Amino acid sequence: MSDLDSLMIAALSLANFAADISAKAWSSDLAVDYKSDGSSLTQADLLIETRWREEIKRQFPSHGILGEEYGSDTGTSAFTWVLDPIDGTRQFGTGLLNFASLISVCRDGVPVLGIIDMPRLCARYAAAEGNGTLFAGRRVRSSSRRDMTDAIISLANPDSFGRESASGYENLRSTGRVRVFDGGAPAYGALARGLIDICLNGDDLDAYDICALCPVVQEAGGRITDWYGQPLSLASSGAIVASASPELHTKVLARLSPGI
């Protein structure tokens, strides 16, 4: 069994635990607190990440961990787990469905494994380097669309696009056949399934929002980078974009460049 196979087994077990906790919390009387930056926080976020960290340290004591709620623990191996127990806590805390648990593993800073899990929908994307992207246990592929004119575009919450990225957002918003808004991490999974062609997020992302998306998109044939076309990594933050094909991605980056 390869390292990635072992890591995927462990990551899927973590996702199963989180799915149970978040599904029960979502169905109960949710209590939402707010961090100093105004973002939402629930007890489910804290419980899931605490248990995830305990299990990772038990199985892989040399691995590093970066999580949204409890920060960074530096490891001694090439592998770092990147964790977001509930990505989209704003939606989660208001009883909406477009939230996900994000689990990634980076090797030397490069995301090589990613899971986007949507427990209320019983929907899960899982991808590992060289093994493709699976959705509901079957291999999926992006649409491979090359033309922007007929593209289906997912745009993040407009509030996430700051002054420097606002014009790029407007440039992309004015094109395509269909536009959907504030899809979050599930939109990147939908791109991997061929249902969305372009996903755009603004300046408010951190590595734990980003890393799990990368293998899911790339292993399905898509491209995902920052707005300059640079690869994403454990050190990434800020605005990102994904496209269903390399050809489409080149066109999207050209459309965004006036906003940079």
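This is a predicted model: local features need pLDDT of at least 70, side-chain atom pairs count only at pLDDT 80 or more; totals for chains, interfaces and linings use all residues.

Reply: The lining of the largest pocket comprises 13 charged, eleven polar and seven nonpolar residues. Two or more lining residues come from each of four elements: strand E5 (79-87), helix H3 (89-93), helix H5 (185-192) and helix H6 (207-210).

Helix H1 (residues 3-27) packs against helix H2 (residues 43-59) with an axis separation of 10 Å and an angle of about 160 degrees. Because angles over 145 degrees count as roughly antiparallel, H1 is assigned that orientation relative to H2. The crossing of the two helices is right-handed. On the H1 side, the contact is formed by Ala-10, Leu-14, Ala-15, Phe-17, Ala-18, Ile-21, Ser-22 and Ala-25. H2 contributes Ala-44, Leu-47, Ile-48, Arg-51, Trp-52, Glu-55, Ile-56 and Gln-59. By class, the residues of this contact are twelve nonpolar, two polar and two charged.

A further pair consists of helix H4 (residues 166-173) and helix H8 (residues 246-256), whose axes lie 8 Å apart at an angle of about 130 degrees. That angle makes H4 oblique to H8. In this contact, Gly-168, Asn-171 and Leu-172 of H4 meet Val-252, Arg-255 and Leu-256 of H8. The residues involved divide into three nonpolar, two polar and one charged.

Conventions: Residues are numbered from 1 along each chain as its sequence is written. Side-chain values use heavy atoms; hydrogens and water are left out. Ala, Val, Leu, Ile, Met, Phe, Trp, Tyr, Cys and Pro count as nonpolar, Asp, Glu, Lys and Arg as charged, and the others, Gly among them, as polar. Axes are lines fitted to C-alpha atoms, for helices over the stretch in contact, and angles run from 0 to 180 degrees between N-to-C directions. Angles under 35 degrees count as roughly parallel, over 145 as roughly antiparallel, 65 to 115 as roughly perpendicular and the rest as oblique. A crossing is left-handed if the near helix is turned anticlockwise from the far one by less than a right angle, and right-handed if clockwise. Contact means heavy atoms within 4.5 Å.
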